[in-house]
Amino acid sequence: MSLRAATSAVRGVRGVQVTPRRINSGLSLSTARVGTYATVASNKIPVRIVEVGPRDGLQNEKTIIPPQVKVGLINRLGRAGLTVIEAGSFVSPKWVPQMAGTAEIVTSMEKLPGVTYQVLVPNEKGLENVVNLLAAHPGKPPIDEIAVFTAATDAFSRANTNVTVAESLKRMARVVQGALDKGIRVRGYVSVVITCPYSGKVDYNKVRDVTKELLDMGCYEVSLGDTTGMGNPTSVNEMLNVILGANPVEKLAGHFHDTFGMGVANSITALHAGIRTLDSSIGGLGGCPYSPGATGNVATEDILYALQDSLYTAPGDLEALVDIGFWISEQLGRDNSSRVGKAIRARREQRGRKNDVL
């Protein structure tokens, strides 16, 4: 059904209201009254942003990042109004040296009220480290939840963790159950939901089934990762149509990389499909060590700017986040990948030059 047909169906019926529902275009209808087309409700739709810069963003850097820089990044992000921050990973530093010292970092950072801090846990050893950390800080736990991950293809899973997807899920089930037994919430990730760098186009039915397994084992939410950044709005919409056949949309999140410049467009596509959580990374930090050529995650600044004056609202001070994006990029000796960050800085510089002339 087209948007015009859907909205015209409510015309001429006094007092009828239309509740939000999905239609073929991926858009939704808001409350409508007699004699008018459906209009956007005055209350905006909240979007939850999971800031993954301190973990997914930093893990692909070539140089070792000092712990104090990571702590400074996390603190700045929290002060700028972000409410969910992925602070690090309890993975072996042998495999991901950029994530060394996570326990030191999460016990040194500010624990701001109203902010959820999570860490990635790849296996039972990582969970043991988390449990020991929480036991050592019973009055003020440094983290609130963990995340686990698997993939949609055996080729990527083997490259990443040296096991098949089925073997990975068995491992994850033990980790998830162990965390839930300790009262720790668990979020799940599925990598390469569109294209695998090793085996090509992904079977969306496999993504659907892996997502369902993660939810069934107890993950409160599963983030769908376009790890190679090769998705576009059409492929993302096709993938989500398959996923939603067996999984509730309210338990899904979108995680898009910006390799082909589609990160924002794909994020908006996910929102139109009913997803209400998006992962993003300050300054577009990131990549994937097991996905050759993949660039960073979609930038947090770009997502927040895209949502301005829209149906949606998301937490975060955009101007402050632009400053953070440039700060961390300078710390790492790399260019800021946020298009919005660059545009806002250029506008500031132009205003500064005008003030100098005056």
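For the classes used here, Ala, Val, Leu, Ile, Met, Phe, Trp, Tyr, Cys and Pro count as nonpolar, Asp, Glu, Lys and Arg as charged, and the others, Gly among them, as polar. This is a predicted model, in which local features need pLDDT of at least 70 and side-chain atom pairs count only at pLDDT 80 or more, while totals for chains, interfaces and linings use all residues. Residues are numbered from 1 along each chain as its sequence is written, and side-chain values use heavy atoms, with hydrogens and water left out.

I start with the pocket. On a 1 Å grid over the protein atoms alone, a pocket is an open set of points with protein on both sides within 12 Å along at least five of seven lines; a cavity is a set where a 1.4 Å probe fits but cannot get out; lining residues have an atom within 4 Å of a point. Points are joined across faces, edges and corners, and volume is the space filled by probe spheres set on them. The largest pocket comes to about 790 Å³. It is lined by 38 residues, and Val91, Val96, Pro122, Phe149 and Asn160 are the closest to its centre. By class, that lining has 17 nonpolar, 17 polar and four charged residues.

Next, the cavity. Helices (H or I, at least four residues) and strands (E, at least two) are DSSP runs, numbered from the N terminus. Helix H6 gives the largest share of the cavity lining, four residues. Three lining residues are nonpolar, six are polar and none is charged.

Strands pair if DSSP finds at least two bridges between them. E2 runs parallel to E11 over four bridges, with Ile49 opposite Leu278. E10 is also parallel to E11, over two bridges, and Gly254 stands opposite Leu278. From E10 the chain passes through helix H10, residues 263-272, to E11 in a right-handed β-α-β crossover; that is, with the strands pointing away from the viewer, the path from the first strand over the helix to the second runs clockwise.
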